[in-house]
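I opened this notebook to record what I looked up in one structure. The entries follow the order in which I consulted it.

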Amino acid sequence: MPEPLLTLDTLSKAFGAHQVLDGVDVTINRGEIVGLLGPNGSGKSTLLNAISGFMAPDGGTVAIAGRDITGLPAHRVTQAGLARTFQLPAMPSRMTVRDVLRAADTDAGTARRMLRTPARDSRVDRLLLTFRLSRVADLPASSLSGGQKKLLSVALAMRGAPELLCLDEPTAGVHPELRSEMVSALKAANRQGTTLLVIEHDMLFIRQLCTRCIVLDRGKLIADCAPEELEHNPAVVEAYLGKAIEKGKTAR
């Protein structure tokens, strides 16, 4: 029987008179890889911010593994087992790429983080290799290209082996040749026990990675289905194209 990991119950958020989230109900089970889709302004980023503790919802609840985390600050949400990335990740200017990954070791105390065992360093090396960052490992993290920063942010989020990993447009700015490798890396993380929630506009990436998609439009959940069913869903097609399709036709 599926075991719920993330549960959203009637989640709502408004900015003034603008209702950004309007009673969103979602359950994501352990082991799933779920795409979070919707046109611009549909509420995706607000939903992710509310889940991850960067914004308190106005109403409803957020729970991880049955524990209510609604309104907790981001560091407390991280302690509950959730990690996330951002669309435009900021990186420190005085740390190398390797140092950033080493410092992210949640299993070691601050004073001991530079005293690595070979096993710990090998984990960092594997992430550098997986995300094609080995050749820039000793450069300042802030000097990377936008795409490389995005790759480092995903590797950084994976470093702590979170129960739930939320990715905000992980392929934006990433070279197309690296996207299939990112799919492989994320699927490997999933096999090792990490559940994934992914905001993404690249539908090929979604089809390769996700087994389920949830779709928002104007703050409401309008679809919950397999990726291959999206183009046959009239509500989804209308949300993206701005008009209803005629009966018997599908999106192209």
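Predicted model: local features only at pLDDT ≥ 70, side-chain atom pairs only at ≥ 80, totals over all residues.

Entry 1. I then turned to helix 5 itself, which spans residues 146-159. I noted 14 residues and a reach of 20 Å from the first C-alpha to the last, close to the 20 Å expected at 1.5 Å a residue.

Entry 2. Is helix 5 mostly covered or mostly uncovered? I found it mostly covered, with 11 of its 14 residues buried. Among the buried residues I listed Gly147, Gln148, Lys150 and Arg159, together with Leu151, Val154 and Met158.

Entry 3. I next looked up how helix 5 lies against helix 6 (residues 176-191): their axes come within 12 Å and cross at roughly 10 degrees. An angle under 35 degrees counts as roughly parallel, so helix 5 is roughly parallel to helix 6.

Entry 4. Which residues meet between the two helices? From helix 5 I recorded Leu151, Val154 and Met158, and from helix 6 Leu178, Met182, Ala185, Leu186 and Ala189. The residues of this contact comprise eight nonpolar, no polar and no charged.

Entry 5. In the largest nonpolar core, of 43 residues, Leu186 is listed with Phe131 and Leu209 as touching the most other members. I also noted a second, separate core of 27 residues, including Leu5, Val34, Ile51 and Val62.

Methods
Residues numbered from 1 in each chain as written. Heavy atoms only, no water. Axes fitted to C-alpha atoms, helices over the stretch in contact; angles between N-to-C directions. Helix = DSSP H or I, 4+ residues; strand = E, 2+ residues; numbered from the N terminus. Parallel < 35°, antiparallel > 145°, perpendicular 65-115°, else oblique. Contact = heavy atoms within 4.5 Å. Nonpolar A, V, L, I, M, F, W, Y, C, P; charged D, E, K, R; others polar. Core = buried A, V, L, I, M, F, W, Y, C linked by side-chain atoms within 4.5 Å. Buried < 20%, exposed > 50% of the residue type's maximum accessible area, 1.4 Å probe, protein only. Expected span 1.5 Å × (residues − 1).
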